[in-house]
Amino acid sequence: MKNAKANRRDTSAKGPPLSERPSESPLRRILLMGNPNVGKSVIFSRLTGINVIASNYPGTTVEFTRGHMKLEDEVIDLVDVPGTYTLDPIQPAEEVAVQMLEQSIEEKDSVVINVVDATNLERNLNLTLQLLKKNVPLIVALNLWDEAQHTGISIDTERLEQILGVPVIPTVAVTGEGMKKLVESLPDARKGDYSFENGERWHEVGRIVEQVQVVKHRHHTVFDRLADLTIKPITAIPFAIVILLATFEAVRLIGEGLTSLLLDPVFKNLYLPFITGLVEVFQKTGLVRDLLLGTTNDPLGSFGVLSAGLYIPFIVVLPYLFAFYLVLSFLEDLGYLPRLAVLLDNVFHRLGLHGYSSIPVILGLGCKVPAMLATRILETRREKLIAVALILMSAPCMPQTAMIVSILSPHGVKYVVLVFGILLLVAVVTSLLLNRILPGETPELLCEIPPYRIPRLSILLRKVWLRLSSFIKEAVPLITFGIFLIGILDTMGAVVSVSRMLGAPLLFILGLPPETSLVVVSGFLRKDVAIALLFPFNLSAHQLVIACTFLVLYLPCISTFFVMTQGLGLRDSLKLAAILLLSGLLVGGILYRLL
Amino acid sequence: MGRVAAKRALSLLNGKEEDQIMEIRDLTQLDEGESGVVVEIHGGHGITQRLESMGVRAGKKVTKVSSQLMRGPITLRTGGCQLAVGFGMAKKILVKVEE
């Protein structure tokens with residue numbers, strides 16, 4: 001934090017702003033507080049210019065965000081506090097929020113902007129009154145003002161300002177309306193003068209609302225009825241299936257399109273020759289050259305840091321990731337995801353998970369990497385572990401699925417169904433077991449279902465960019481480093497000898513020819529390629545079922561593994577990987593004896 | 001005289017309207033679209049607090065929107081918003097249905 005200049009700003013007392021009284025510390029920090037889903041993050045990004053995720057489904061804003069803004073040539077900290085319904089700490093997000101608030105109160109250098117949802121005044125004012133009780137300088141930003149107008153709600157902001165004793169500014173964060181006035185009002189932030197008994201708080205809220213709000217009765221519109229259709233099971237379940245299928249198609253198209261039309265050609269025709277030439281200027285042959293460029297022409301054939309090390313994260317994973325985040329952010333901003341969570345909640349509860357873990361699991365059907373990143377929204381460690389197990393086991397990622405279908409369908413569709421059926425069974429059994437073994441319980445679902453809103457392109461793109469950039473900054477270095485490590489092992493001949501060692505056990509346990517061991521080892525890099533590599537072996541249908549099941553289960557791909565360690569830590573990730581491997585061997589072994 | 005008939009007779013004698021008989025049910029027992037006023041939340045401090053902070057408390061009108069298959073969450077509308085409440089929790093929300 002920057003040191004304040006001599007020109008102190010008094011933000012605590014009622015009275016003329018910008019007074020010369022040096023009583024309190026200067027304004028150094030602004031906290032944005034409010035219920036979840038009210039648009040805090042959008043206001044944050046408008047004030048700071050730093051792009052922030054503003055998501056709709058619960059739990060994502062538990063990681064708070066910091067930024068800076070300039071206010072009359074002072075640089076001020078801006079903090080987007082996790083959304084809370086109350087200051088009585090019931091859930092982790094609320095505990096964090098309270099701690100942050102208490103800290104600021106102690107340091108006497110902060111102002112709180114209380115972002116209030118104008119369409120939900122009563123519930124939001126509960127927090128406002130609690131904040132007033134805390135005696136902290138406050139401004140109320142009455143957001144979603146346009147939506148309130150649309151739904152026939154009119155609020156007398158001047159009256160509200162009078163009653164509460166703090167500035168009340170109507171805003172429409174997504175368009176920017178009111179933002180200028182909000183910033184201009186910052187010096188006016190006051191502690192307010194509304195006094196009340198804590199036990200009577202709801203009563204007081206009701207009293208205030210009566211005085212300032214007028215609601216024109218709105219009949220159920222066509223849109224309301226349509227919205228209800230997406231949550232009543234009879235219509236909602238088919239609708240959800242359609243949405244999911246459409247999602248997959250969209251992601252597949254965008255992902256594949258990006259890869260084949262743009263990224264792959266650029267990498268292979270422009271980048272690779274360039275970097276090869278560059279490196280070979282210094283080292284035409286030898287260890288360093290091989291470590292950097294790999295030993296084959298195809299970037300995936302070996303472990304070069306500059307070839308495979310970059311090809312995998314950027315060409316294999318990134319396009320799908322981009323496509324996923326695009327579609328996911330769209331569904332999020334639209335407001336569909338909480339409804340989906342509700343639909344799937346009871347199914348997931350039996351597995352020990354929450355409804356919102358359905359989202360990572362569904363993501364995992366496309367690519368495990370964003371699925372891993374999405375498990376961050378889950379509250380407890382226990383849930384994260386079960387969700388990760390479920391994600392990794394329940395189904396292959398899309399490229400793998402495509403490969404499995406193409407290698408097995410010539411033998412008969414029933415084999416394809418068999419593989420997926422077995423995987424699902426294994427996943428469910430494992431989750432049920434984990435649910436029993438791991439201590440703790442999954443809390444019941446209680447969440448808000450926001451109204452459907454038309455997503456705004458600029459905010460959507462900002463979200464996607466933010467998610468992608470965090471992947472690039474965090475996950476890519478790990479993946480590239482991992483490949484570098486394997487490259488070193490490879491040059492020491494370790495990879496080939498490991499493959500040879502695996503040959504005999506593979507034959508014994510799974511009934512697969514020893515030569516397939518190299519496939520098994522390289523599957524760690526890219527699992528769909530591993531399955532493709534099975535083609536020349538001319539395995540029987542049964543052997544293929546065993547091989548495919550095993551290859552899906554035995555280990556996560558390298559990118560997934562590193563992202564996993566980020567979320568769960570190395571120890572637990574290794575434990576899970578071990579469980580996966582064992583289950584792969586177990587299931588494969590059983591299948592071998594059965595089929 | 002049957003009990004119901006006796007009750008009726010009494011209320012007629014007292015001049016009260018018959019349809020002041022109100023029913024108290026829990027949220028899972030409401031039909032879709034039915035509304036009621038929350039009477040009590042039959043749970044511990046934690047659940048009551050959680051629900052209260054979301055706007056579900058005694059005296060508030062709630063409308064049931066939907067229920068899910070196999071004891072899934074209940075969706076309801078209250079104040080200006082929609083909430084999803086787990087089945088177990090919904091069973092603890094007692095509502096007075098106006099006839």
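Contact here is judged from C-beta atoms placed from the backbone, which must lie within 7 Å, and a residue is buried if 20 or more other C-beta atoms lie within 10 Å of its own, exposed if 12 or fewer, and partly exposed in between. Helices (H or I, at least four residues) and strands (E, at least two) are DSSP runs, numbered from the N terminus. This is a predicted model, in which local features need pLDDT of at least 70 and side-chain atom pairs count only at pLDDT 80 or more, while totals for chains, interfaces and linings use all residues. Residues are numbered from 1 along each chain as its sequence is written, and chains are lettered from A and ligands numbered from 1 in the order in which they are written.

Stay with helix 9 of chain A for a moment. Its buried residues are Ala236(A), Ala240(A), Thr247(A), Val251(A), Gly255(A) and Leu272(A). The helix, residues 233-282, has a kink of about 40 degrees centred on Thr259(A); the bend at a residue is the angle between axes fitted to the seven residues ending there and the seven starting there.

Val251(A) leads us onward, as Phe324(A) touches this residue along with Leu363(A), Gly366(A), Cys367(A) and Pro370(A), leaving aside residues up to four places away in sequence. Phe324(A) also belongs to the largest nonpolar core, where Phe324(A), Ile139(A), Ala141(A), Leu321(A) and Cys548(A) touch the most other members out of 181 residues. Such a core is a set of buried Ala, Val, Leu, Ile, Met, Phe, Trp, Tyr and Cys residues joined through C-beta atoms within 7 Å. Helix 11 of chain A (residues 308-334) gives this core its largest share, 16 residues. The core lies between domain 1 (29-215) and domain 2 (234-594) of chain A, because both give residues to it; the bounds come from an automatic or database domain assignment.

Now step back to chain A as a whole. It holds 24 helices and 9 strands, and its C-alpha trace spans about 85 × 60 × 45 Å along the principal axes. Of its 595 residues, 47% count as buried. Among contacts with a separation of 6 or more, 72% join residues 24 or more positions apart.

Next comes the meeting with chain B, to which chain A brings 25 residues and chain B 26. On the chain A side, helix 3 (121-133), helix 12 (336-350) and strand 9 (446-449) each supply at least two residues, and helix 12 gives the most, with 5 residues.

Strand 9 of chain A pairs with strand 5 of chain B (residues 81-85) in the antiparallel sense over 4 bridges; strands pair if DSSP finds at least two bridges between them. Here Leu446(A) stands opposite Val85(B). Within chain B, Val85(B) is also opposite Ile74(B), where strand 4 and strand 5 pair antiparallel over 5 bridges. These two strands form a hairpin with 2 residues between them, and Gly79(B) in the turn has a positive phi of about 55 degrees.

Strand 4 of chain B (residues 74-78) is largely enclosed by the rest of the structure, because 4 of its 5 residues are buried. Antiparallel to it runs strand 3 of chain B (residues 61-67), joined by 5 bridges, with Thr63(B) partnered by Arg77(B). The hairpin of strand 3 and strand 4 has 6 residues between the strands, and Met70(B) takes a positive phi near 50 degrees.

Conventions
Two residues are in contact if their C-beta atoms, placed from the backbone, lie within 7 Å.
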